[in-house]
Amino acid sequence: MAWHLNILIMATTCFMLFPRSEQSSQSELLQQLRKQLEYPRQLNGWGNPSSDPCYTQPTAVLAVSCEGNAIIELKIIGDRITKPPKFSGYSVPNVTLSEAFVIDSFVTTLARLTTLRVVILVSLGLWGPLPDKIHRLSSLEVLDLSSNFLYGSIPPKLSVMSKLHTVTLDGNYFNVSVPDWLDSFSNLTVLRLQSNRLKGSIPASIGKAAMLTELALAGNSISGDIPDLGNLNKLEMLDLRDNELDGELPEMPTALVTILISKNSLKSEIPEQFGQLKRLQHLDLSFNFLVGSPPEEIFSLPNISYLNLAANMLSGSLSSSLTCSTTLGFVDLSTNRLTGDLPACLNGNMNNKVVKFDGNCFSVDPGHQHEAKYCQQSHKGRGSNKDVGLVVTVVGILFIVLVLSLVLMASNKRSCQKVLAEQQFLQKHKEDNSTSGMSSELLANARCISQAVKLGTQIQPSYRIFSLEELKEATKSFERSAFLGEGAIGKVCWPIFKLYKGKLENGTLIAIRCLALHQRYSIRNLKLRLDLLAKLRHPNLVCLLGHCIDSAVDESSVKRVFLVYEYVSGGTLSSYLSGSSPEKTLKWCDRLQVLIAIAKAVHFLHTGIIPGSLYNRLKSSSILLDEHLMAKLSDYGLSIITEEIYKHEVVEGKRYLQNNAAEMDDSEDDVYSFGCILLEVLMGPKLHEKGAPFVLNDLVVSVSSQEEREEVLDPVIVGTSSHDSLSIVVSIMIKCLSAESLTRPSIEEVLWNLQYAAQVQVTADGDQRSEVSSQAC
C-alpha cells in the first residue's frame with residue numbers, strides 16, 4: 001500500500017507543478033519575442049521575467065489574454081508608422097527592425113504559443129517574406145499583421161487554418177497577385193489586403209469564398225475585370241478603391257451595405273440591379289469612366305445615405321419625378337455629362353442634403369455648369385457612326401507616337417484618361433495649394449505619398465448594459481471625489497450632463513457621463529439611439545463600454561442615461577496647448593500626429609457608419625491623450641441621443657431619421673470646428689493674446705519669414721516645424737474656416753493634407769539631420 005500512496009503523491013505533485021511550468025514556458029517565449037522585436041517601449045512592462053503575462057493590465061497598444069494559464073490573445077501596437085519613399089526588401093535604419101531580425105525565427109517562436117487565437121502585431125517594423133510556418137498556429141482565428149514591411153507572396157498554407165476567420169495584412173509590401181486559393185478557407189469572413197503592391201487580376205475563385213462579409217483590396221495595382229461575386233450572399237463591405245480595374249461594373253451581392261470602387265477605370269453603365277440593393281448605405285463609384293444614365297432607383301434605396309458618382313461620363317437627364325430616400329444625406333454628381341433640370345429632391349438647401357453637381361450641363365446654377373452643347377457633343381461622339389473613319393485615321397496616324405509614348409509611360413500606375421479626369425476634378429484644389437511656394441511637380445505627385453498607417457483591427461471590450469448599482473459601487477455612490485465636471489450639450493442648457501470617474505470591480509478605470517433627458521423620451525426611442533451610438537468603434541474614439549438607463553417605474557419615460565467610457569488619463573489637448581505646464585509640450589510632429597488621429601476619427605464618424613454623425617461639436621478640450629500621446633476624441637455622437645439635432649418619429653411601425661442640419665451654424669459644423677482646433681494648435685496660448693479678428697490675416701503671412709512666425713505662432717512650432725509642412729496646414733486651416741460652408745473641404749481632404757504635411761516634415765527632419773552630420777564632419 002505504501003508504494004500506491006507514493007505514486008499518488010507524485011502524480012498530484014506533477015499536476016500541481018504543470019500549470020506553473022506551462023506559465024514559465026509561456027513567459028520565456030514572450031521574453032524571446034520581446035528580444036526579437038528589439039525591446040519596443042510598448043513591452044517595457046515585460047521587464048520582469050517572473051511576472052505572469054496573464055495578469056498584465058491591457059492597454060490600447062498591448063494586451064495579453066488568457067484562458068486558465070494558456071495565452072489566447074497577443075496584441076502589440078508599435079509606433080513604427082513611417083514608410084520610406086522606397087523599400088527594396090532590406091532593413092531600413094530607424095524605420096524597420098534591424099538587419100539582425102529574422103522573420104522566420106520570429107514566426108517560429110510565435111508558433112510555439114500554440115493556444116493563440118488572436119494575433120495582432122501592428123506597426124512593429126517586421127520585414128521579410130511571411131513564412132509558410134505561420135500555419136502552425138492551428139487555433140488562430142484573427143491574424144492582423146498590418147502596417148509592417150512584409151513582402152513577396154501571401155503564404156498558401158494560410159488556407160489550411162480551419163479556424164481562421166479574419167485576415168488583415170493592410171499597409172505591407174506584398175507584391176504578387178491576389179491569392180487564387182481564397183475559396184479554400186472554410187471560415188474566412190474578413191479579408192483586408194489594402195495598401196500593398198498586389199497586381200494582376202482578382203481571381204474568379206474569390207467568388208466562392210461563401211462566408212466573406214468584408215473584402216478590402218484598395219490601394220493596390222489590381223487590373224482587369226471584377227469577377228462574379230453573386231454567390232457571396234453574406235458580403236456586406238466591398239472596397240476596391242484606387243486600383244486599375246478596367247472592365248465592366250458587374251451586378252453585386254444583395255447583402256452589400258458598402259460599395260467603394262472609386263479611382264479605377266471601369267467603362268460601362270451602372271447596372272440597373274444596383275437599384276435593388278435594399279441594404280446599401282454607402283456607394284462610391286467616383287473617378288471611373290461610367291457612361292449612360294444612373295439608375296434612378298439608387299436615389300430612393302431605403303437605406304442609402306452616401307452616393308458619390310463624381311468624375312465619370314454619365315449622361316442624359318434625371319427625371320423630375322425622381323424620389324430620394326429619407327436617409328440620403330450626401331450626393332455628388334459633379335464632373336459628368338448630365339443635362340436638364342435638377343430634381344426637386346436633390347435641392348440640398350430644401351431637403352437638408354449635401355448635393356454637389358458642378359461641371360455638368362444642368363439648367364440650374366449656370367455659373368458652375370458647361371453649355372448644353374458640351375454634354376450633347378460628348379454624348380454623340382460616343383454613339384455616332386459618322387466619325388468612325390476619322391477616328392480610325394487619327395488612330396493610324398498616332399499609332400507610332402503612342403507606341404513610343406507607352407515606353408516612357410510604362411512606370412505609370414494609372415492610364416492617361418484617368419489622370420486627366422482626376423486633374424479636371426481636382427483642378428481648383430491644386431490651384432489653391434500653389435501659393436504655398438512648393439513646386440508643381442511636388443503637388444502633382446502628392447497623392448502618391450504613403451498615407452499614415454491605420455492601427456488596424458483592434459479588439460475592444462464588448463458593449464454591455466451596466467446596472468445602476470454597478471455604477472454606484474464604482475463611484476462610491478457618486479461621491480464628490482469622483483466628480484470630474486459638468487456641462488450642457490449645445491447652446492441651450494439641455495440636456496445637462498455630469499462626468500464622474502469610477503473603478504469597476506475588476507480594476508478597470510471608467511468615465512461615466514450622466515445625461516439628464518427630457519421626460520418625453522421613451523425606452524424604445526432611446527434604445528434605438530443607443531444601438532446606433534454603440535456602433536461607433538474606432539481606435540481614435542474614446543471607447544464606449546456600455547450604458548445604464550434610469551427610467552420611471554413603469555418604463556414609460558427616461559429620467560437619466562449613463563454612458564460608460566474607458567478612462568483616458570493623459571489629459572486634454574487643450575491642456576497641452578495652454579502653455580501652463582512646461583512638462584506638457586507637444587512638438588510640431590507630435591501635434592500633426594494628434595491632428596491626423598482626430599481627423600481619422602471624424603472621417604469615420606462621417607462615412608464609416610450609417611447614418612453618419614456629422615455634428616460632433618469638436619473642440620480641443622474634447623481630445624484626450626493617453627500616456628503614449630495617442631489621441632482619442634470624446635464627446636462624439638451625443639447628438640444621436642438628443643432631439644436638438646436628430647428627431648426620431650415612429651410612424652406605422654417604421655422609424656424615420658430627420659436631420660435638422662439647416663438649423664446648424666458654423667460653430668456646429670465639424671470641418672469648421674476642426675479648423676478652430678487647427679488654429680489653436682498653430683497658435684497655442686498666443687491665440688487668446690492676439691484675439692480672433694486679426695488671427696487669420698496674421699497667419700496668412702506668418703510663414704513668409706522667421707520674424708513673422710515668431711510674432712504669431714506658438715514658439716514650440718516655430719522651433720520644430722519646416723516651412724513647407726507649416727504652409728500646408730495653414731492653407732487647409734484657412735479653407736476649413738471659410739465663411740461659405742460649401743467652399744470648405746471635406747474631412748477626407750483635411751486628413752490627406754495633414755498626412756502630407758507630416759510626410760513633408762519627416763523629409764525635412766531627415767534633410768536637417770544629414771546637414772548637421774555633414775557639418776560635423
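In helix α10, the buried residues are Ile 523, Asn 525, Leu 526, Arg 529, Leu 530, Leu 532, Leu 533 and Ala 534. The model described here is predicted. The points below cover this helix, a set of paired strands and several salt bridges.

**Helix α10**
- Helix α10 has 12 residues, 523-534, and should span 16 Å at 1.5 Å a residue. The C-alpha atoms at its ends are 16 Å apart, which agrees.

**Parallel strands**
- Strand β12 (residues 221-224) pairs with strand β10 (residues 199-200) in the parallel sense, over two bridges. Ser 221 in β12 is the bridge partner of Lys 199.
- Strand β12 also pairs in the parallel sense with strand β14 (residues 244-245), again over two bridges. Here Glu 244 in β14 stands opposite Ser 223.

**Salt bridges**
- The count of salt bridges comes to 15.
- One of them joins the side chains of Asp 635 and Arg 513, at 2.3 Å from N to O. Asp 635 lies in the loop between β31 and β32 and Arg 513 in strand β27, so the pair ties together parts 122 residues apart in sequence. Asp 635 is buried, with a relative accessible area of 17%, and Arg 513 is buried at 4%.
- In another, the closest N and O atoms of Arg 744 and Asp 669 are 3.5 Å apart. Arg 744 lies in the loop between α18 and α19 and Asp 669 in the loop between β33 and α13, so this pair ties together parts 75 residues apart in sequence. Arg 744 is buried, with a relative accessible area of 9%, whereas Asp 669 is partly exposed at 22%.

Technical notes
Residues numbered from 1 in each chain as written. Predicted model: local features only at pLDDT ≥ 70, side-chain atom pairs only at ≥ 80, totals over all residues. Heavy atoms only, no water. Helix = DSSP H or I, 4+ residues; strand = E, 2+ residues; numbered from the N terminus. Expected span 1.5 Å × (residues − 1). Buried < 20%, exposed > 50% of the residue type's maximum accessible area, 1.4 Å probe, protein only. Pairing = 2+ DSSP bridges. Salt bridge = Lys/Arg side-chain N within 4 Å of Asp/Glu carboxyl O.
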